[in-house]
Amino acid sequence: QFNAYLQRGQEDNIWKETEKLNQEAVKSPVLGFVLDTEPIKNQISQIAAINAEYSESTFIVNGNGNWDAYMSKLDQAGRHEVLAEVQKQVNEYWKTK
C-alpha cells in the first residue's frame, strides 16, 4: 500500500499519516482470540440459513414487519446460545491475558 501512487487529490504525506495512524492505533483487547465454533456449530448453521433467507432489502422495503419474524427465527435457531457461548469463551480468553 505504501508504494502505491498517489491518487488525484491525495496529500503528499498521505502514506506517512497512514503509517502514523497504524502505529498509534489501539489494539483490540480480544486480538488473538479464536472462537471455537464446535459447541455452537448447529446454531451457526441455522442462523446462516436464516440470514440467507432474509436480505437487507427485505427490511428496507417491507419495514419492521419482517424484522420481528426474522428475530423470532434467530431466537428459535439459538441466537442467545451462540451469544452466551461466545461470551463464555471471551471471558476464558481474558483470564489467560
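The face of helix H2 that is turned away from its buried side carries the exposed residues Asn 42 and Ala 52, where exposed stands for over 50% relative accessible area, buried for under 20%, and partly exposed for what lies in between (1.4 Å probe, protein chains only). Helices are DSSP runs of H or I with at least four residues, numbered from the N terminus. The model is predicted, so that local features need pLDDT of at least 70 and side-chain atom pairs count only at pLDDT 80 or more, while totals for chains, interfaces and linings use all residues. Residues are numbered from 1 along each chain as its sequence is written, and side-chain values use heavy atoms, with hydrogens and water left out.

On the buried side of H2 are Gln 43, Ile 47 and Ile 50. They lie on the same side of H2 because they cover an arc of only 60° around the axis, the arc being that of the directions from the helix axis to the C-beta atoms.

The largest nonpolar core has 9 residues, among them Ile 47, Ile 50, Tyr 54 and Val 82; such a core is a set of buried Ala, Val, Leu, Ile, Met, Phe, Trp, Tyr and Cys residues joined through side-chain atoms within 4.5 Å. Helices H2 and H4 each supply at least two residues of this core, and the largest share, 4 residues, comes from H4.

| Helix | Residues |
|---|---|
| H2 | 41-53 |
| H4 | 65-77 |
| H5 | 79-95 |

Gln 89, which has its place in helix H5, is buried, with a relative accessible area of 12%.
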